[in-house]
Amino acid sequence: MADAIADRAKAAYLGLAIGDALGATVEFMTPGEIRHQYATHREMRGGGWLRLKPGQVTDDTTMSLALGRAIIDKGGQVEALACAQAFDAWMRAKPVDIGNTVRRNLVTFRHSGNPVAPPSEHDAGNGAAMRVLPVALATLGQPTHVVSVAIRAQAHVTHHNELSDAACDTLVAMTQAALEKVGAGGTANSRHADNPGKAQDLSHFATILIAQHPQYAFDGRRRENPSGYVIETLQAVFQAFFGTTSFEACLIDVVNRGGDADTTGAICGMLAGACYGLEAIPARWLKALDASVSGACLAQATALVSS
Ligand code: MN
Ligand code: MN
């Protein structure tokens with residue numbers, strides 16, 4: 001069963017990177033602009049406002065990899081200072097893109113040396129939620145309060161905000177539940193491609209989130225053009241994830257909503273990868289993904305779940 005969990009962890013990490021690369025092509029476009037240019041955007045074509053190569057990823061994936069490396073180097077512990085140093089080194093290496101809140105709070109860290117950003121009601125962006133996967137993998141099977149502390153250690157380096165924390169908690173719980181489900185399957189059958197998980201099995205986590213923060217309700221109007229505000233981001237993610245039944249359909253649904261499409265794509269890719277497994281990832285997307293990125297995702301997924 002450990003193999004089955006490791007395979008789902010790999011699918012989640014590859015899914016994150018694929019969703020990022022797919023969505024980056026249409027980041028900041030409206031659904032109408034996407035329709036006009038591509039009918040439906042469904043191929044790894046690169047381009048976008050960042051002028052990417054096909055299969056090239058952005059900050060969502062590269063910050064996750066920087067975080068994952070920091071956790072692995074600490075023997076599986078999520079330490080705030082190590083996370084902050086890793087993000088600072090990542091920023092110094094001139095990433096293709098960087099969020100405003102991430103930049104501001106990393107610059108503050110450089111001067112203060114304090115890896116905990118001051119609490120701010122304005123820092124409810126999706127920048128901590130987009131890179132939460134390595135924490136989910138490293139804390140799999142650990143007590144809830146340990147997971148909660150680890151989530152905040154990485155998140156508060158740049159986003160010290162209650163709504164961001166709630167989003168991170170929910171995404172980690174969903175990802176871990178999807179991984180544990182295959183681990184608890186008990187039979188060889190549960191690892192089989194024709195017996196994938198179901199998004200609906202994870203919907204109670206969204207229900208809990210909405211009970212705590214009603215702003216997250218997503219069953220009203222279709223969320224198009226989601227911004228980097230974590231509530232709009234998760235509304236689009238939830239609608240796409242719970243409204244489809246495959247990895248491919250989920251990612252195509254969410255990126256064609258435009259807006260912060262690389263980030264909604266990355267988060268949906270993580271959830272759908274964890275839920276549906278490696279067999280569900282279209283070969284053409286996997287083949288197009290930057291080879292050094294896919295190699296790092298696979299290596300980190302294995303190391304993080306066994307740490
Ligand atoms: Mn990005
Ligand atoms: Mn983005």
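View 1. Helices are DSSP runs (H or I, at least four residues), numbered from the N terminus. The model is predicted: local features need pLDDT of at least 70, side-chain atom pairs count only at pLDDT 80 or more, and totals for chains, interfaces and linings use all residues. Residues are numbered from 1 along each chain as its sequence is written, chains are lettered from A and ligands numbered from 1 in the order in which they are written, and side-chain values use heavy atoms, with hydrogens and water left out.

**View 2. Helix 12 is largely enclosed by the rest of the structure, because 16 of its 16 residues are buried.** Buried means under 20% relative accessible area (1.4 Å probe, protein chains only).

**View 3. Glu-27 (OE), Asp-260 (OD), Asp-262 (OD) and Thr-263 (OG1) coordinate the manganese ion (ligand 2) at 2.0 to 2.5 Å.** Donors are N, O and S atoms within 2.8 Å of the metal (3.2 Å for Na, K and Ca); water is not among the atoms, so sites may look incomplete. Glu-27, in the loop between helix 1 (2-24) and helix 2 (31-38), and Asp-262, in helix 12 (residues 261-276), are 235 residues apart. Glu-27 is buried, with a relative accessible area of 7%, and Asp-262 is buried at 1%.

**View 4. Asp-262 coordinates both the manganese ion (ligand 2) and the manganese ion (ligand 1), which are 3.6 Å apart.**

Terms used: Helices (H or I, at least four residues) and strands (E, at least two) are DSSP runs, numbered from the N terminus. Buried means under 20% relative accessible area, exposed over 50%, partly exposed in between (1.4 Å probe, protein chains only).
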